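This report walks through strands, pockets, charged pairs and ring pairs. Have the sequence and the model at hand while reading.

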Amino acid sequence: MLKIKILVLILALCALLSGCGSLHWGQVQVNDGTGEVWITPEKNVPVSTFSSDQFSLDENGEPVFTGTGYTVMKGVDVSYYQGDIDWKAVRADGVEFAFIRCGYRGYSEGAVNEDEKFAANIKGALEAGIKVGVYFFSQAVTVQEAQEEAQFTLKQIAGYGVTLPVVFDWERIDSADEARTNDLASETLTACALKFCQTVKAAGYEPGVYFYTNTGYYGYQLAQLTDYVFWLSEPGDSPDFYYAHSIWQYSFKGTVDGISGSTDLDMYFTPVKSA
């Protein structure tokens with residue numbers, strides 16, 4: 001009888017402390033872009049070391065990394081929508097790198113197109129002394145289409161000094177009921193990203209994958225993509241994505257000299273090598 005009473009007390013204590021039989025045992029609480037939720041972390045995916053106390057806001061209200069362990073570059077990502085850009089003015093305003101859209105696939109008809117400002121943007125950025133990476137806006141629904149997009153991208157950047165990652169930017173078109181990518185399975189999306197990155201890597205470039213918080217948690221199987229650079233889109237004062245990432249898109253509404261209107265702003269984190 002005494003043993004039974006002791007067991008009951010132990011079980012009751014465990015329930016109170018949420019240590020035994022917890023609904024969230026083995027999970028972590030994250031913000032998935034819609035609010036706080038519990039997820040089961042993917043195995044073998046490095047965890048982010050960033051925390052909010054490593055960032056502060058400057059006089060313009062923009063986040064600044066104040067932590068240690070990384071060197072940080074400030075950058076922009078641009079496309080046709082930014083119009084004509086004065087890249088020398090952009091560089092003079094402290095921008096060190098740019099990701100430039102080289103092309104896109106239509107979300108309804110599925111055709112591959114060149115970004116109309118790509119040539120002018122990449123030439124202007126490089127001539128201004130800005131480090132350049134590129135991205136392709138994907139709407140691939142098969143690995144064959146993803147390979148086609150990678151090959152198109154490689155053709156576009158041939159001859160240019162692209163030293164930063166070549167990025168697969170696949171996004172869901174929530175505002176379009178007719179988008180051909182609606183309801184694409186996570187397994188297929190991950191396979192598309194893999195094919196794009198493998199094709200890019202085989203050509204001698206560093207591949208990367210861009211994603212919003214929600215797509216990072218629910219769209220991709222990130223454990224299959226850890227060989228590639230992760231570029232997180234999460235506007236705010238500091239990144240709180242659970243998994244490690246090298247690039248953070250922190251604003252969609254930034255202002256930079258040389259660019260009319262608003263533009264996306266980014267930070268590129270490079271680990272400091274220990275002596």
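In which sense do strand 5 and strand 6 pair, parallel or antiparallel? They pair in the parallel sense, over 4 bridges.

The structure is a predicted model: local features need pLDDT of at least 70, side-chain atom pairs count only at pLDDT 80 or more, and totals for chains, interfaces and linings use all residues. Residues are numbered from 1 along each chain as its sequence is written, and side-chain values use heavy atoms, with hydrogens and water left out.

## Strands

Helices (H or I, at least four residues) and strands (E, at least two) are DSSP runs, numbered from the N terminus. Two strands pair if DSSP finds at least two bridges between them. Strand 5 covers 70–78 and strand 6 covers 97–105. Val-78 stands opposite Ile-100 in strand 6. Strand 5 also pairs with strand 13, in the antiparallel sense, over 8 bridges. Met-73 has Tyr-268 in strand 13 as its bridge partner.

## Pockets

Pockets are found on a 1 Å grid over the protein atoms alone. A pocket is an open set of points where a 1.4 Å probe fits, with protein on both sides within 12 Å along at least five of seven lines. Lining residues have an atom within 4 Å of a point. Grid points are joined across faces, edges and corners, and a volume is the space filled by probe spheres set on the points.

The largest pocket has a volume of about 560 Å³. Its lining has 26 residues. Nearest its centre lie Ser-79, Tyr-81, Arg-101, Tyr-135 and Phe-137. Strands 5, 6, 8 (131–138), 10 and 12 (247–254) each supply at least two residues of this lining. Strand 6 gives the most, with 3 residues. By class, the lining of the largest pocket has 12 nonpolar, 4 polar and 10 charged residues. Here Ala, Val, Leu, Ile, Met, Phe, Trp, Tyr, Cys and Pro count as nonpolar, Asp, Glu, Lys and Arg as charged, and the others, Gly among them, as polar.

The second largest pocket holds about 340 Å³ of space. It is lined by 21 residues, and the closest to its centre are Tyr-228, Phe-230, Ala-244, His-245 and Ser-246. Strand 11 and strand 13 (263–271) each supply at least two lining residues. Strand 13 gives the most to this lining, with 4 residues. The lining of the second largest pocket divides into 13 nonpolar, 6 polar and 2 charged residues.

## Salt bridges

A salt bridge is a side-chain nitrogen of Lys or Arg within 4 Å of a carboxyl oxygen of Asp or Glu. The whole structure has 7 salt bridges. Among them are these:

| Salt bridge | N to O distance |
|---|---|
| Asp-115 and Arg-101 | 2.7 Å |
| Glu-145 and Arg-105 | 4.0 Å |
| Arg-105 and Glu-148 | 2.8 Å |

Buried means under 20% relative accessible area, exposed over 50%, and partly exposed in between (1.4 Å probe, protein chains only). Both Asp-115 and Arg-101 are buried. Arg-105 is buried at 3% relative accessibility, and Glu-145 is buried at 14%. Glu-148 is partly exposed, with a relative accessible area of 38%.

Arg-105, Glu-145, Glu-148, Glu-149 and Arg-180 are linked in a network of salt bridges.

## Aromatic rings

A pair of aromatic rings is described by the distance of the centres and the angle of the planes. Rings of Phe, Tyr and Trp (its six-membered ring) pair if their centres lie within 6.5 Å; planes under 30 degrees apart count as stacked, over 60 as edge-to-face and the rest as tilted. By this rule there are 30 aromatic pairs. The rings of Phe-97 and Phe-99 have centres 5.8 Å apart and planes at 80°, so this pair is edge-to-face. Both Phe-97 and Phe-99 are buried.

Tyr-210 and Trp-231 form another edge-to-face pair, 4.9 Å centre to centre with 85° between the planes. Tyr-210 lies in strand 10 (residues 207–212) and Trp-231 in strand 11 (residues 229–233), so the pair ties together parts that are 21 residues apart in sequence. Tyr-210 is buried at 5% relative accessibility. Trp-231 is buried at 2%.

Ring pairs link Phe-97, Phe-99, Tyr-135, Tyr-210, Tyr-212, Trp-231, Phe-252 and Tyr-268 into a cluster.
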